[in-house]
Each structure stands twice: as C-alpha cells, then as structure tokens.
Amino acid sequence: MTDLARHVDGVALIDQHVHGCWVEAGDRRRFENALNEANTEPLTGSGFDSQLGFAVRAHCGPVLGLPKHVDLEAYWERRSQFDERELARLFLPGAGVSDWLVDTGTPGVADVADVAALSGGRAHEIVRLEQVAEEAARAPGDYAAAFGEILHRRAASAAGTKSILAYRGGFEGDLSEPSPREVAEAARRWRDCGGVRLEDRVLLRFGLHQALGLGKPLQFHVGFGDRDCDLLKANPLLLLDFVRQSAGTPIVLLHCYPYEREAGYLAQAFNNVYVDGGLSVNHLGARAPAFLARLLEMAPFGKVLYSSDGFGPAELHFLGAALWRKGIRHAVGEFVASGDWSEGDAMRVVDLIARGNAARLYQV
Amino acid sequence: MTDLARHVDGVALIDQHVHGCWVEAGDRRRFENALNEANTEPLTGSGFDSQLGFAVRAHCGPVLGLPKHVDLEAYWERRSQFDERELARLFLPGAGVSDWLVDTGTPGVADVADVAALSGGRAHEIVRLEQVAEEAARAPGDYAAAFGEILHRRAASAAGTKSILAYRGGFEGDLSEPSPREVAEAARRWRDCGGVRLEDRVLLRFGLHQALGLGKPLQFHVGFGDRDCDLLKANPLLLLDFVRQSAGTPIVLLHCYPYEREAGYLAQAFNNVYVDGGLSVNHLGARAPAFLARLLEMAPFGKVLYSSDGFGPAELHFLGAALWRKGIRHAVGEFVASGDWSEGDAMRVVDLIARGNAARLYQV
Amino acid sequence: MTDLARHVDGVALIDQHVHGCWVEAGDRRRFENALNEANTEPLTGSGFDSQLGFAVRAHCGPVLGLPKHVDLEAYWERRSQFDERELARLFLPGAGVSDWLVDTGTPGVADVADVAALSGGRAHEIVRLEQVAEEAARAPGDYAAAFGEILHRRAASAAGTKSILAYRGGFEGDLSEPSPREVAEAARRWRDCGGVRLEDRVLLRFGLHQALGLGKPLQFHVGFGDRDCDLLKANPLLLLDFVRQSAGTPIVLLHCYPYEREAGYLAQAFNNVYVDGGLSVNHLGARAPAFLARLLEMAPFGKVLYSSDGFGPAELHFLGAALWRKGIRHAVGEFVASGDWSEGDAMRVVDLIARGNAARLYQV
C-alpha cells in the first residue's frame, strides 16, 4: 500500500450533502427500491441487480461481518438481524466523516441531532428552500415577509441552503428576481390553491434570490435523480444566467450526472461555483473511479467537494465514503503514475476535496 | 485465460437488432461506403481509415484465412474471392448467435429466412412501423383500419416492432396519441401527395401508439446514424413524455451513441425501458470497451441487451459479436479485478446481456 | 521505449490553430489568470490549482531547468528570470512544430512573423472573420464590397479563416446566407451604432458565407472557452444545417470540449468536416489521454488535426505538443496493446494527425 493510499484511507471527510438515514423498520421491498434512485414505482426486477446493488454486497457486507459479494438473500437476512438505529451505528461511524451537512427537506428519517448522535460526528443543517416556501404559504400575513423571516431564523444556525428547482420544472427559462408585486400575486394564487408542493416559477425564483441575499452557500440538485425530474432541463449550463446574477454567493452543483464535465466547466468559469458528484458515486459503484476522474477535468481543485447524498439505508452514508476513497485513490493514483502529478500534489488535492474546500466554504 | 474470459467466448448470443446481409455482388466502393454509417455521400477518403475499418482488418481478416491487420488491398482481394452468400456462411455462424431479430425495413438484403439459413440459427422478424404506414397508404379504404390490420397480421409472427422516428424529424415535440379525426385528415393529405416516405408527425405518432397497444417490445433508433438524422433531436431524454405514456409496453433504445448514459438513466427510471449499444460497438472498434463500460453505469443489469445492427457486409454481423465479447470481457473483467464484482456476478451479468434479458423480453 | 513511442516523440507537428505568445512583460496575476480559460474575472484561488497548472509544473518546469512538479513559487521565480521573448525562444522550438497557423484576431501578442522568428519554424495566417467585419465597418462605401475586398486581400496569403460565432450568440438558429439587401441594412444599423464588436446575426452569417465562397478551410471555435460563450449554444450539432450548405469548403471544429464525440460524428458524416481538440488538451493535463481517446471514436483518421491553441504564456505552445504526444502515445498504445491496431497503423495515424491531414488541408 502506497503512502497516497494510506492517506486517502485516513482523511476525515466532510459529507457536505446528506439526508437522514432510516430510523424505523421497513421491509425488503423498501430496501430494494431505495437502491434505485430514478424509478418512482415498485421495481419489477431486483434492486440489487445494478452497480449500486453490487457495491452494497461488495463493500457493506463486510461491515455486517459478511464476506464480500455475499448473495442478496444472505445480505438481507443478516441486515434484518439489526434494527435501523443499530445499522446506523455501524455504518455512519464507518464512513470516517467528521461533519455531516444534512438537508432536512425529506421527512421520515433521522434528523440533524440524530445523525450526529448515531455517527459520533458533528451535524449541521442545510435548509431546503422549497420547504421554507411551503411553511411561508401556511403562515399568516404577507408571504414574502414570512418567507424572509423563516429563512433567516432557520438559516441562522444552518450551514447553507438547497434548492430542488430541478424537480420543479428544471432550470430552463427566466431565473431573474421577480418584483414584489409579482411575488404577492403568485403567493395569493398559490395559497388559494392550498399552498402545497411549490411549482410556481415566480415563487421558486423568489426563493432562490432570497437565498442569494443570505450569502451562505446555495446547493442545487443537478442532473441524475428520480424520473419526476426532466434530465434535459437539469443541465447545469441552463443555470448560466442565474450564476451571472449570483454576485459571489457560493453555488454548489450536486450530483451532476451525466453533466459532470459541464459542471466542472462552470466551476472553472465562475469563482463562486463548486461541484460535487455525490449520489452519482454511489449509483455508479464499480464505475465511480471513471466518474470521479471526469469530475477532475476542468474544475479547479479548490472547487470540488465530497458528499454521499445518503438517504434511507445507512449503507449509503457509508458506501459514498468507501467508493469515494476507492475512486479518488484510483483517479489521482493514475495521475501520479503517469508523471503528471507529484504524490504530494495528490495528497493535497485529496485533502481539499475531502474536507478543506468544504471547511472553508461552510465554515465548519 | 480466465474462467470469465472462457465464459464470455462461449455464450450463445441473441442478436436483438440486425438487418440482412448482402446477398448480391457489389464493388469496392459499396464496401467502403458501408464502413461509414453517418455519411450519405460517396466517401472522399478510405472507409478503412476508421475504428471500424481497423477492426475489420484485425478481427475479420482471420475468418478469411488472413493474418490480423492485413492491409486493405489484401483484405479486399481476398474478400473478392467469395460471393456474398459464401461470406455470409463464414461470418454469420462465426458470430455465435442462436437467434437473430431481423428488422426487415431495409430492402435489398437477405430476408428473415435467408438469415436463418445462412447462419444456421433461428431468425425472427422485427416489423418496422414506418413501412407498415407506407403499406397502409397504398391500401384501399380507411388508413387507420388498414394500418391496424397490416400491423396485427405482420406482428402475429414477429418478435417486436421498430420505429425510425429519429430519421423522420426526431423525438422533439408532442408524441401523444392523435385523435381518429386527426389521423384521417393526415392520411388523406399524405395519400394525396403520393404516400411515400412518411414524415407526417400525426401519422408517426399514430403508428407509435398502435405499437404500444400491441404490447410487444417497441425498438427505437436512438442517437448515432446517418446524417439525415439530426443527432440533437435523437437524444433519448426527449422520449420522456412518450415513455410516461407507454403503460408498460417494453421500449428498447438502440445504438444510443453519444447518449448511452442518458439511455442508461431511462432504463433505471422506468421498469419497461431497455438499452442496447449495437451499431455503436462496431463503429467504435478499439474504443468499444470504453463505450460498453459507460453503458453499464446507471442501467440495471436486467435491462441491457446485445445487438450488432449488422447491415450489408456480413463482416458486421460477426464483428458486432467479436467486439462485444472483447469489450464486455474487458469491462466486467475490470470490475472483478477492482474487487467490486465477484467473478460469478460477472458471468451472470454477461449471460443476462448476451441472451437472458432478450429471451425473457422477446420470448424467443 | 517502444518504436511507437519514439515515433510519436520525433514527428514534427503542424500546429493548425494557435495565437501569438506574449512578447511584453507582465505580472504573476496575468500569468495565473492565463491558466484559466473560462473565467473572465480575476481569480480568487490560484490558477495553478488545476490540471493545467499541474501540467505546467510537471512538463514546463524541466524546460526552464527545474525539477518536475516544482512548487509554484519556485516556478514563478525561475520564470521571472527570463523575459517573454526569451521564454518563447525556449518553449516554441521545444514544441517540435514545423508550421504554425496563427489566428491573428487577438491583439497584444506576437504576430505571424514573430512566431516564425521565435520558434525557428514557418508561420501562416488564419484570418478572423469578425475582425474583417470590424475593418469593413470602418471602411468607406458599401459594407459588403469592403468586406469582400479585405477578406480576399488578407486571405490571399493566409491558410484559412476562423469564426468566433460561438462567442457572438452561438450556433443556434438560422445560419443561411442573407440577401444583399439584408446585409446592407444590417451594416447601416451597425455602423450607426459605432461598428464595434460584431454581434449582428445577419452580418455574422454574411461573413461565414463569404468564407465558404473563398474555399479555404473555415475554423470554428466550438465548445469550451471563456464564459462569454454559452456552452449550450456552442454544441457543434447546431451547425448541422450550416454544414449541409457548405458545399465542400473544409470546416474545422476546434477545441470541442465537452462535445468531442458529437464533433467526431460530424467528421464521419461529412467529407468536409474536420476535428481538433486543441485548447482542451492543455486544460485537461493529466486527463488529456482520455479526451484524445474519445476524439478517436467516430472521426475517420483522415479528419483529425493537431493544435495547441496556445495564447499568451509561451508555455502553452510547448505544453500543447508535450501533452498531445503523451496522450496520443497512451491512446494508440492501448489500441495496439489490445490487438485492435497494428503498430504500423498506429504510426500512420499519428503521422496523419500530427501533420499529414493539416498539410493536405491547408497546403502547407
């Protein structure tokens, strides 16, 4: 084992975008469906028959005391001997993460305090803008004022904000700041319709610009996700005009598959754009090294971040880290072997991506 | 040689999308032009100066008793000593294919019975929808009724249907089912203009929805093809709304270059979407392993299929199989070597792609 | 070292798209900003923290007598001991380039004669169309006549023309030839506004069709560049209709990142389309081999060209060649090792890309 490999294995990560893990019991169908991100219906095949499924068997099995590549029946049987909190206490600390930045926009899973307790690390909140909007819709009085009040209150102790605009019509079209009058009218219409599931473009744009005004890093779901998202409209290049208006507030492009090269270009083009391949890394399994190498094309090394985007099975919080360590070791190991990077450079870049960039960006 | 390599070499394939090979004599110009898919004019350079040309010399030469990498003069001279049926009797059995699914939409080549006889395997028809439309335009009486009658008659003994919508305006725009009245009007207009080469969007959409109603797998030409196709409009993500309307009828995305990652995403997102990299594999030659690896990113392993898309030179029916075996051995071999897959997993996935998925899907 | 490696190292290149290097002194900020192509603002991080920055330290350091991977302070200190002309006299000859095709559209750097003198090679002009337009706007009398006169005069001794349409609205929309009346009206409007920075689509289209009429190769900036360019609108597939109208005038697609596979497809589809990965190769550094391999997918080998797109630091003129030699050796070396290409094929393709294709195309 080389010094570089030892270094990669030892570095403590900041997981800069993650959700809670399950804390309540569920059946095998729930587990297998959680291994498929894109499909929103019950799977007709096995969720294990994918790069992610194979990666769970290869890398998570041993954490449960099983041999690598154990078959899925044995994996499920062994997993069923633990409750979800016990699984979290095995998998979360195993990730080697010091700080978790938890997007609290998805209910029914561990909250920020739970993630800290189950992992033995620190946890910080990422506030989801569309959730703030839905709270503001239910609040009395002026919508814009309510949104601003909730956002500032929640963000005071949070590390940043997050938008799922990709799931609410995508990035295409005007993303400029709407006028107060437009906001008021749109809010009235939305409240009249019940104020659930924000899809109104005016209010979505309003939320984004409120987040820009806050100055804390603003994360965007980009590319790969479930099929409610039109992947064509989740191309980060469609954010160009918005980024031009962003006046220095850090913008973090999450996941990015299959647009990781476009995202890297934006990270080179704008001082305030950052990229991260979380979620994709888990789903790519054995192909994660190829993806991570592509992510290291145009993006300056001070602009690349780590996350798992784990959600649901505690395996995913661990696996993101395990696959990232494996993949980055392979990718930068090749750059060293080919003589293009020194081993010292490689270690420094590993540290930047693992935690240095995120520590600076989120001040954690 | 590893057990895995032996396994890949031995598995009998189902070539799930192929055309007939030549059965009549032609000159060298015809041969060289057939090595370039995209250009529709006479080539100004040599058709051999490409990945496909090099692959023919490397892999097909030995089938004709020539050394690997023989120069193109010698290759052409040796090839000219055989007639096209003799070449077919050498190359088709050499592919190790048990079943050929033959798209009969292109005339002037071997028909389904010929492919079976020349290869010693079984052959099944894939009915091209645009050809059915053109038959219906020539039939007397109501167009929609004629289309339905021809489609059901031909499909009764066929394995599936195929659309070349990519060549008839692409996937952009509305692909919903048109009303009977719209169909009747569009058919009248088209028949008035002679009823050749279907480009009318209403009738193209009608054909697709008739095929959905049939329930048999519906294949789409996706991405790479000749330059009549606007590659921007052949992005499979543009099929999103159509797939949402497909109600479970299997949809097979063919070729997919350079959109193989987008296609793999759709295969993960929808239980009824399948992907296949045929045609691309032949044209990528030495780069086929990299392409096949990308095809194994997001697509579940139960959703990936094999085809050659061979058309014209019998070399292509053989080469598709040779390059696929070489490429998949390399791709899954790397997954095993890196510890992400077991060798048993790799063999099982090879079997699924080689034939298991197609056998289940087409019931052959 | 293999015969192939020796061959790649020894071949004299034609750098078919390059700009002048600096000839006047500048500070460290200028140098670091020149290592980032996409950003148009002062960098907040170090320009060295990128694949290009690492490649400069690895490959350019030794030219200045420094060890590989020297740290950036030491690199800058050593570089500062030379003036820009001295640096050019070290780096340009080191590239092993016999002929430089110099786009003279960017002021403030070495001109064509300077590049020849500093490198010891030959240099030829590439005339930038948008610059011709700006000269014509300042000329007296009819705009179209002035444009034609300037273009023919300058092009008489030039190797070809170049368009930066990608930076002037991109490739989307109508690119047909405008009528004389439209041109006259657009020219009048533009001259009334001062005639600076051509962005008028009519006049841009006029210039392109004048260049087609000239018959000399027409180069297009494609894809990756600075953020003034909307990367979505710099997809070469948007040039499809224009290429269909090009009547055989050679069209050269430059840079192409991240659209190198789309560009390769166009090179297969049209006898008169050529591709080149210059600029991208420098910025990809350790990832250049992967990019060059993708460029060798669909493009026939007679259609691929070499360039550095060096501009500013003389390092870039050298580094383009060094990374191309390293990358192509790796890419074609793999094709030979896998048995898909013979070593003789590989050498012949190297010669075509290094100089044979450009010599034929530009008659240099």
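The model is predicted: local features need pLDDT of at least 70, side-chain atom pairs count only at pLDDT 80 or more, and totals for chains, interfaces and linings use all residues. Residues are numbered from 1 along each chain as its sequence is written, chains are lettered from A in the order in which they are written, and side-chain values use heavy atoms, with hydrogens and water left out.

**Chain B against chain C**

- Chain B brings 39 residues to the contact and chain C brings 29 residues, where contact means heavy atoms within 4.5 Å.
- The two chains bury about 3000 Å² between them, 51% of it on carbon and sulfur atoms; buried area is the accessible area (1.4 Å probe) that two parts lose on being put together, summed over both.
- Phe54(B), Arg227(B) and Arg287(B) supply 21% of the area that chain B buries against chain C, more than any other three residues.
- Six salt bridges are counted between chain B and chain C; a salt bridge is a side-chain nitrogen of Lys or Arg within 4 Å of a carboxyl oxygen of Asp or Glu.
- Glu260(B) forms a salt bridge with Arg261(C), and their closest N and O atoms are 2.9 Å apart.
- Helix H3 (51–60), helix H13 (280–284) and helix H15 (314–337) of chain B each supply at least two residues of the side that touches chain C; helices (H or I, at least four residues) are DSSP runs, numbered from the N terminus.
- H3(B) gives the most to this side of chain B, with five residues.

**Two domains of chain A**

- The domain assignment of chain A gives domain 1 (3–19 + 84–362) and domain 2 (26–82); such bounds come from an automatic or database domain assignment.
- The C-alpha centres of domain 1 and domain 2 of chain A lie 25 Å apart.
- In chain A, domain 1 gives 26 residues to the contact and domain 2 gives 22 residues.
- The area buried between these domains of chain A is about 2000 Å², of which carbon and sulfur atoms give 66%.
- Arg227(A), His283(A) and Glu315(A) supply 26% of the area that domain 1 of chain A buries against domain 2, more than any other three residues.
- Four salt bridges are found across the interface of domain 1 and domain 2 of chain A.
- Arg79(A) forms a salt bridge with Glu315(A), the closest N and O atoms being 2.7 Å apart.
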